[in-house]
Amino acid sequence: PDSVLEISCLTPKDREDLDYMLGIGVDWIALSFVQRPEDIVEIKRLIMEYNPNHAFPPHVMAKIEKPSCFDGDSLEKIVELC
């Protein structure tokens, strides 16, 4: 549980679900198991790629479930990015 995984927190199924959610115009996206600021950067990039005109992109909520997000200033950066 204390390990930081250098992989995306988004599974292929998450990506499919994200496409669907963006297609129906949700207001919020909750991202589970956020470990580092790069996880938020990744989902925001995917949101902007889907919505290149930046018309009403959904807000992102980071679900803080891993102790690794408390390393250094990671939590502060995660909050700033959300």
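Modeller: Let us begin with E42, which counts as buried because its relative accessibility is 12%, where buried means under 20% relative accessible area, exposed over 50%, and partly exposed in between, with a 1.4 Å probe and protein chains only. This is a predicted model, in which local features need pLDDT of at least 70 and side-chain atom pairs count only at pLDDT 80 or more, while totals for chains, interfaces and linings use all residues. Residues are numbered from 1 along each chain as its sequence is written, and side-chain values use heavy atoms, with hydrogens and water left out.

E42 lies in helix α2; helices (H or I, at least four residues) and strands (E, at least two) are DSSP runs numbered from the N terminus. The side chain of E42 is joined to that of R15 by a polar contact of 2.6 Å. Such a contact is a pair of N or O atoms within 3.5 Å; within protein, one must be able to donate a hydrogen and the other to accept it, and residues adjacent in sequence count only if both atoms are side-chain atoms. When neighbours within four places in sequence are set aside, E42 is in contact (heavy atoms within 4.5 Å) with S8, C9, L10 and R15.

The helix that holds E42 may be considered next. α2 has 14 residues, and the distance from its first C-alpha to its last is 20 Å, close to the 20 Å expected at 1.5 Å a residue; the expected span is 1.5 Å times one less than the number of residues. Its buried residues are P37, D39, I40, E42, I43, L46 and I47. The cover over these buried residues includes α1, β1, β2 and α3 (74-81). I47, for its part, touches L18, L22, I29, P57, P58 and V60, leaving aside neighbours within four places in sequence.

Several of these residues belong to the largest nonpolar core, which has 15 residues; those with the most contacts inside it are L18, L31, V34, I40, I43, I47 and I78. α1 (12-24), β1, α2 and β2 each supply at least two residues of this core, and the largest share, 4 residues, comes from α2. A nonpolar core is a set of buried Ala, Val, Leu, Ile, Met, Phe, Trp, Tyr and Cys residues joined through side-chain atoms within 4.5 Å.

L31 has A62 as its bridge partner in β2. Strand β2 (residues 59-62) has V60 and A62 on its covered face, and H59 and M61 on its uncovered one.

S32 is partly exposed, because its relative accessible area is 24%. Beyond its neighbours within four places in sequence, S32 is in contact with C9, K63 and E65, and its side chain makes a polar contact of 3.4 Å with that of K63.

As for the whole, the elements run α-β-α-β-α from the N terminus on, and buried residues make up 29% of the 82 residues in the protein.

Methods
Pairing = 2+ DSSP bridges.
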